[in-house]
Amino acid sequence: MKYVAAYALLVLGGTNKPTVDQVTQLLKEAGVEPVAADVKIVVDALKEKTLAEVIKEGSKQLTSLSVGGGASQSSAPVAQATQAPKTEAPKAEAPKKAEEPEEDVDMGGLFD
């Protein structure tokens with residue numbers, strides 16, 4: 001992914017067809033130690049296409065990607081536990097907070 005990102009950055013920076021050396025140099029400047037074979041694979045795969053075409057193809061693939069979501073409906077239903085009759089517990093009153101008087105705070109002319 002970082003190789004594709006470097007390629008895309010070079011294209012967006014004005015280099016229409018980045019070379020393996022340019023992608024490698026950019027990655028090294030970013031602190032990444034690139035694998036030469038992987039950089040070559042990415043550059044060779046992308047050199048016949050424009051960046052817009054690559055993004056368009058990737059967007060199509062993302063729409064068909066399943067990223068999880070709801071639970072599967074094919075699972076067996078879970079048995080419900082029977083509930084015991086409810087008994088009312090005595091309600092404990094929460095301690096009351098003392099109300100603080102409203103203060104006129106100087107907001108430094110924020111709402112003037």
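Axes here are lines fitted to C-alpha atoms, for helices over the stretch in contact, and angles run from 0 to 180 degrees between N-to-C directions. Helices (H or I, at least four residues) are DSSP runs, numbered from the N terminus. The model is predicted: local features need pLDDT of at least 70, side-chain atom pairs count only at pLDDT 80 or more, and totals for chains, interfaces and linings use all residues. Residues are numbered from 1 along each chain as its sequence is written, and side-chain values use heavy atoms, with hydrogens and water left out.

Helix H1 (residues 2-12) packs on H3 at an angle of about 50°. Their axes lie 10 Å apart. That makes H1 oblique to H3. Angles under 35 degrees count as roughly parallel, over 145 as roughly antiparallel, 65 to 115 as roughly perpendicular and the rest as oblique. The H1 and H3 crossing is right-handed, a term for a near helix turned clockwise from the far one by less than a right angle. From H1, Tyr3, Val4 and Tyr7 meet Asp38, Val39, Val42, Val43 and Leu46 of H3. Contact means heavy atoms within 4.5 Å. By class, this contact of H1 with H3 has seven nonpolar, no polar and one charged residues. Ala, Val, Leu, Ile, Met, Phe, Trp, Tyr, Cys and Pro count as nonpolar, Asp, Glu, Lys and Arg as charged, and the others, Gly among them, as polar.

Helix H2 (residues 20-29) and helix H3 (residues 36-46) also pair. Their axes come within 9 Å and cross at roughly 125°. H2 is therefore oblique to H3. The crossing of H2 and H3 is right-handed. H2 contributes Val20, Val23, Thr24 and Leu27 to the contact, and H3 contributes Val39, Lys40 and Val43. Five nonpolar, one polar and one charged residues make up the contact of H2 with H3.

The axes of H1 and H2 come within 9 Å and cross at roughly 105°. The two helices are therefore roughly perpendicular to each other. Lys2, Tyr3, Ala6, Tyr7, Leu9 and Leu10 in H1 meet Gln22, Val23, Leu26 and Leu27 in H2. The contact of H1 with H2 has eight nonpolar, one polar and one charged residues.

The largest pocket holds about 200 Å³ of space. Its lining consists of Met1, Val4, Ala5, Ala8, Leu51, Val54, Ile55 and Gly58. H1 and helix H4 (51-63) are the elements that give two or more residues to this lining. H4 supplies the largest share, four residues. By class, the lining has seven nonpolar, one polar and no charged residues. On a 1 Å grid over the protein atoms alone, a pocket is an open set of points where a 1.4 Å probe fits, with protein on both sides within 12 Å along at least five of seven lines; lining residues have an atom within 4 Å of a point. Grid points are joined across faces, edges and corners, and a volume is the space filled by probe spheres set on the points.
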